[in-house]
Amino acid sequence: MKHFSHPHALELSEVQETNEIICSGCENKLSGISYKCTKPNCKFTLHKSCFELPRKIQHNSHPNHPLTLYPSLPERDSIYFGCNACGEEPKAFVYECLECNFSLHTNCAISWAETVTREDHQHSLTLQYQWPFPIDDYVHLFCKVCDGLCNDSNWLYYCADCKFSTHLKCATLKREDGSSLENEEEEEEENMTNEQRLMMATIKAQGQQARLNFQAQMAYMNAQTITNMWRSSHRY
């Protein structure tokens with residue numbers, strides 16, 4: 001059996017998960033029914049689902065043109081910025097619109113649900129193909145799961161009512177510290193002084209490390225305030 005992405009014939013094979021074989025189409029681990037190259041020294045192998053991917057698709061994120069399946073990134077005349085969904089550079093199969101310099105990992109093209117629900121948020125999160133604010137507004141969104149900065153060039157999950165955002169891969173994950181996200185942002189801002197609000201506005205574009213530094217600075221300022229109050233109350 002032939003596949004357009006490979007010069008040799010392929011045959012059906014049963015792969016055990018313990019074999020740790022990587023699919024040549026999506027770069028994920030293989031298990032179960034797959035297709036492998038019939039040449040003894042060729043390691044080309046595909047999931048059955050990757051073998052059956054359509055050569056052209058119409059995707060909601062790029063409605064004006066169909067996307068064509070390529071075995072690897074094709075050459076282009078313009079600068080390449082990575083997969084439009086996740087921002088990472090595809091190393092294997094990729095769906096492309098060369099006219100628009102638009103590309104998607106095969107997994108990104110078929111895997112992300114239009115909506116997801118979280119136990120710690122009252123509304124469903126909607127998959128956003130475009131940044132939910134005008135770019136000129138310079139709005140910065142932090143992922144509510146990992147605290148990292150969301151990229152305005154990539155997809156995200158978003159609740160417009162609450163301005164609640166997550167990265168694609170974080171949407172169904174729990175926070176590492178296990179804390180609740182309900183009203184977290186509002187409570188933080190209510191407890192801020194004007195000086196702290198100004199500091200937050202200054203560093204908000206700098207990502208997770210800046211956020212952690214800011215929280216440490218807030219803790220230091222609060223500790224100083226408590227210390228000064230204690231000293232004032234113990235003066236003779």
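Visitor: Which residue in E7 does Cys97 stand opposite?

Guide: Strands of a sheet pair through backbone hydrogen bonds, either parallel or antiparallel. In this predicted model, where local features need pLDDT of at least 70, side-chain atom pairs count only at pLDDT 80 or more and totals for chains, interfaces and linings use all residues, Cys97 stands opposite Phe102 in E7. Residues are numbered from 1 along each chain as its sequence is written, and side-chain values use heavy atoms, with hydrogens and water left out. Strands (E, at least two residues) are DSSP runs numbered from the N terminus, and two of them pair if DSSP finds at least two bridges between them. E6 and E7 are antiparallel, with 4 bridges, and form a hairpin with 4 residues between them. Asn101, in the turn, has a positive phi of about 55°.

Visitor: Which way do the side chains of E6 point?

Guide: In a regular strand the side chains alternate between the two faces of the sheet. Val94 and Glu96 point one way from E6, Tyr95 and Cys97 the other; all are buried (under 20% relative accessible area, against over 50% for exposed and partly exposed in between, with a 1.4 Å probe and protein chains only).
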